[in-house]
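This is a short walk through one protein chain.

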Amino acid sequence: MNAIEANHLGKAYRKGGIGPPTLFGTLSRTLRGRRHEEFWALQDVSFAVESGRTVGVIGPNGSGKSSLLGLVAGTITPTRGTVRTEGRLSSLLELGAGFHPDLSGRENVFLNAALLGIAREDVRRRYDHIVAFAGLSEFMDMPVKHYSSGMYVRLGFAVATELNPDVLLVDEVLAVGDIAFQLKCLDRIRDFQRRGKTLLLVSHALQTVEEFCHEAFLLYHGKMVARGDPPDVILAYMTSYMGEGGYLYRQEFGTREVEFTQVTLRGADEAESATFTTGRPVHVDVGYRAKQRIESPVFGFSIKTGNGLYVFGSNTQMAKTPVPFIEGEGVIRLTLDPLTLKGGNFFLSLSIHSPDHATQYHRREDWYPFVVKDPTETPGLFALHSAWRMLPGPQREL
Amino acid sequence: MNLLRDILAHRELLQNLVARDIKSRYKGSALGFLWSILNPLFMAVIYIFFLRLLAGRGVPHEDVIIGVFAWQFTVQCVTGGMTCITGNSNLVKKVYFPRVLLPISVVVANLINFLLTLAVQLVLVAVLLAMKGSHLAGWTAALPAIIVYHSLFNLSLALLVAAANVYFRDTQHLVGLLLSAWFFVSPVMYNLSFVEKFAGPALTPAYLLNPVALIITAYRAAQVPGALFPWSWSAAGAWVWPLALLVLAWRIFQRAQRNFADWL
């Protein structure tokens, strides 16, 4: 059964017209026979989400992600096409959207719950639970205008997730509060998944999408340009759309006395690829061009996860494979064998510098995205060599 | 009817919205609810004083008081209705619920407010009448019906201005002007017999096509002995057309609400 079904969904906004519309503006435009130009925030998007699945929507800013969520939530009306949802729907489009600043936390809990369609009786029964989850038991009689922004969203999240929706829409609200609260939020999301709920979540945190979603949609300029297995879609996003428009913090610098030329990532079969398997080798053929003879250059690499965690870095100096000199063009091969990274998205950075690090000839930071797929089901970021063994000796009766 | 089904299905939300409106209205003011009574009372006193001073025409005090209290109810519904969508843009853009609950909650909150002020107003009118050796008319039993009718009329206005203000922010300025004009053409600080003296009895039925004139006259007929309601076929017609307006306003609002999120 499909929990969400969208058919040729489209949403157009009028371009131009800064600020709220005015009577005079509309009249003069109508008299001059001029019409607003249309801007399609979303165009011809069709999909179905099976009940119980979690789908992540990714894409650069302005790609139509929030419009899509708004259309599914029913807060905006489609210009074209239809969207249908099955079961009770709740949206975390904005936490604490209905809070009234002058009312107390307690009053706002009931108001917000009513907005989300939770019966008063349910709220009353679960009130202590909500307050405990938000961790605000001492502040419930205080007007929310005196809350910190963290307290505000925590209360909003606690209310919104207390109800028992069949379909939950989440718009980039998981990154609220401090780390402890974020972990609680993610636990809540996992709990929803365990209970077989359908989730549609928009996030810029690619790692979250990868970790939680069964499927990912990539939106670009209002169109769905890719969908499927999250790591593949995320890779497509990183390689094709992120660099353009500076969405990615990738940078390149150096004196360019030596330059990278062709850099090719190859799998175990030597074929060019951007998707690799845990436990198999990866080769990176780094082409270079030295404009003059460079004595003892150092080639280095480093790997970061999709959300910027530095995983590992090394260079020819540390690896004790010094390069005496380079001149002209050539290729140096970096091999990672076996690849001990677990499933996910990663970035490879490359560098050429002088042995004392004083001169950076050429650096490319976060330049080469790649995906690792892990055939085993073990969770984590990194495969550690691990083994279990019973130690000899009798087991004692208790 | 759609209207009733929507309200029933979301009555808890409606209760909450009304409570929010009422609670937040007087938060932080020392006199609180008293302002609801003081406002129309001051207005009535000012009008009575200046009418005496300037015109010297004999409009009974109780008529002015009834008029001002009723007029305040309509004004508050219109001004509250005007901002009920634009002022809750965050809510409208981010949470789905029937939008119509917002103008309805404005009217209900003001109705509750009006009922409380009405209690004070009834006492005032009774005292004023007693000073003349008179007493409240027996028609006060008809008040609930008039109040319901008045509220429905206010709802149609709230629906219209709420929707209009989303599309044209000029509405707030325009409505301010229209309200002051409407105040003067409606029998708030004068009464129907004043109109009859002024324009002749033939025009009275046409005058009652103004629903505010109709409603205020009905309030007076229900409370002041001798202020009878001029029943006629055309007056009966005057009762019907505001109901058609409600249906129309409802339709317009429902059409308009589809694009609210885009325009806010």
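Lys and Arg count as positive here and Asp and Glu as negative, while His and the chain ends are not counted. The place of a charge is NZ of Lys, CZ of Arg, CG of Asp or CD of Glu. On that basis, chain A has 43 positive and 44 negative charges, whose mean positions are 5 Å apart.

The model is predicted: local features need pLDDT of at least 70, side-chain atom pairs count only at pLDDT 80 or more, and totals for chains, interfaces and linings use all residues. Residues are numbered from 1 along each chain as its sequence is written, chains are lettered from A and ligands numbered from 1 in the order in which they are written, and side-chain values use heavy atoms, without hydrogens and water.

Chain A contains eight helices and 18 strands; helices (H or I, at least four residues) and strands (E, at least two) are DSSP runs, numbered from the N terminus. Of its 398 residues, 48% are buried, meaning under 20% relative accessible area with a 1.4 Å probe, protein chains only.

Strand β14 (residues 298-305) of chain A is largely enclosed by the rest of the structure, because eight of its eight residues are buried. One side carries A:Val298, A:Gly300, A:Ser302 and A:Lys304, and the other A:Phe299, A:Phe301, A:Ile303 and A:Thr305.

β14(A) pairs (at least two DSSP bridges between the strands) in the antiparallel sense with β17(A), residues 344-353, over eight bridges. It also pairs in the antiparallel sense with β15(A), residues 310-315, over five bridges. A:Lys304 has A:Phe347 as its bridge partner in β17(A) and stands opposite A:Tyr310 in β15(A).

Definitions and conventions: Buried < 20%, exposed > 50% of the residue type's maximum accessible area, 1.4 Å probe, protein only.
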